[in-house]
Amino acid sequence: GGSGGLVTLSTNGFHGSLYCTSTIDASGGSGATTGGAGGGLSFAVSQGEMALSGLFTSNGGGSVGAAGVGGSLTGTVTASGNSITFGSTFTSNGGAGTGVAGGAAGSVTLTTSNAGAKITLTSSTALSLTGGTASGAFTGGAGGAIAITTNGGAISIGGSSSAIGGAASAGTGGLGGSFTAVSVTAPITVETGASINVSGGAGAT
């Protein structure tokens with residue numbers, strides 16, 4: 001299967017903010033020999049703010065040969081920029097393996113470099129980075145990775161963030177993923193009602 005393409009939205013070093021409420025799909029295609037990898041979604045702001053609340057998808061393709069991995073979403077605000085407000089649905093699951101291992105899930109990386117610039121995951125955030133399922137005595141795909149980093153800006157975590165391992169019907173469930181939030185000096189708040197799930201996948205062994 002063919003790999004998903006690359007979507008880049010950037011202010012390219014100039015003044016200006018970035019707002020995206022659209023639907024974007026960069027998933028890989030299924031294939032007998034190889035499942036396509038999910039494509040990359042890249043959002044970048046140099047001197048403004050970023051607000052993302054769209055419906056984004058970048059799944060890996062399924063295969064009986066080698067399942068595809070999920071794609072990545074990257075949101076970066078550089079040293080002259082402001083905050084990131086994220087309220088999107090992003091699904092980046094690994095491809096299903098039929099008689100082979102499931103594909104690994106994708107990743108989300110949100111970064112602000114300007115001192116004090118915040119990152120907020122709103123209550124409408126829905127991140128699903130699940131490893132691909134595996135049939136037969138094979139291993140489910142690993143869960144994805146979520147990383148949120150500021151340079152002394154507050155981080156607020158709402159909504160749902162899931163990076164679980166893929167299930168395996170007769171083998172071993174995939175490894176759980178990771179969720180990391182780092183702010184050098186400012187507070188990190190996990191809001192009431194928010195959920196973070198990095199469980200391993202279910203398996204027969």
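Visitor: Hi! How many bridges join strand 4 to strand 7?
Guide: Six bridges join strand 4 (residues 40–45) to strand 7, and the two run parallel. Strands here are DSSP runs of E with at least two residues, numbered from the N terminus, and two strands pair if DSSP finds at least two bridges between them. This is a predicted model, where local features need pLDDT of at least 70, side-chain atom pairs count only at pLDDT 80 or more, and totals for chains, interfaces and linings use all residues. Residues are numbered from 1 along each chain as its sequence is written, and side-chain values use heavy atoms, leaving out hydrogens and water.

Visitor: Thanks. Which residue stands opposite Ser42?
Guide: Thr74 in strand 7 stands opposite Ser42.

Visitor: And what about strand 7 and strand 10, how many bridges there?
Guide: Strand 7 and strand 10 pair over six bridges, in the parallel sense. Gly75 has Leu110 in strand 10 as its bridge partner.

Visitor: Then where does strand 13 come in?
Guide: Strand 13 (residues 145–150) runs parallel to strand 10, joined by five bridges. Thr109 stands opposite Ala147 in strand 13.

Visitor: So what is the strand order in the sheet?
Guide: The order is 1-4-7-10-13-16, six strands in an open sheet with parallel pairing. Strand 1 (7–10) and strand 16 (178–183) are the edge strands, each pairing on one side only. Neighbouring strands of this sheet are turned by 5° against each other on average, direction ignored. That angle is between axes, lines fitted to C-alpha atoms, on a scale from 0 to 180 degrees between N-to-C directions.

Visitor: Back to strand 10: which residues are on the covered face?
Guide: Val108, Leu110 and Thr112 make up the covered face, while Ser107, Thr109 and Thr111 are on the uncovered one.

Visitor: New topic: is Ser83 buried or exposed?
Guide: Ser83 counts as buried because its relative accessibility is 17%; buried means under 20% relative accessible area, exposed over 50%, and partly exposed in between, with a 1.4 Å probe and protein chains only. Ser83 is in the loop between strand 7 (72–77) and strand 8 (84–86). Leaving aside residues up to four places away in sequence, Ser83 touches Glu49, Met50, Val77, Ala117 and Lys118, where contact means heavy atoms within 4.5 Å.

Visitor: And where is Thr34?
Guide: Thr34 is in the loop between strand 3 (23–25) and strand 4. Thr34 is partly exposed, with a relative accessible area of 40%.

Visitor: How far apart are Thr34 and His15?
Guide: Thr34 and His15 are 42 Å apart in space, C-alpha to C-alpha, and 19 residues apart in sequence.

Definitions and conventions. Helix = DSSP H or I, 4+ residues; strand = E, 2+ residues; numbered from the N terminus.
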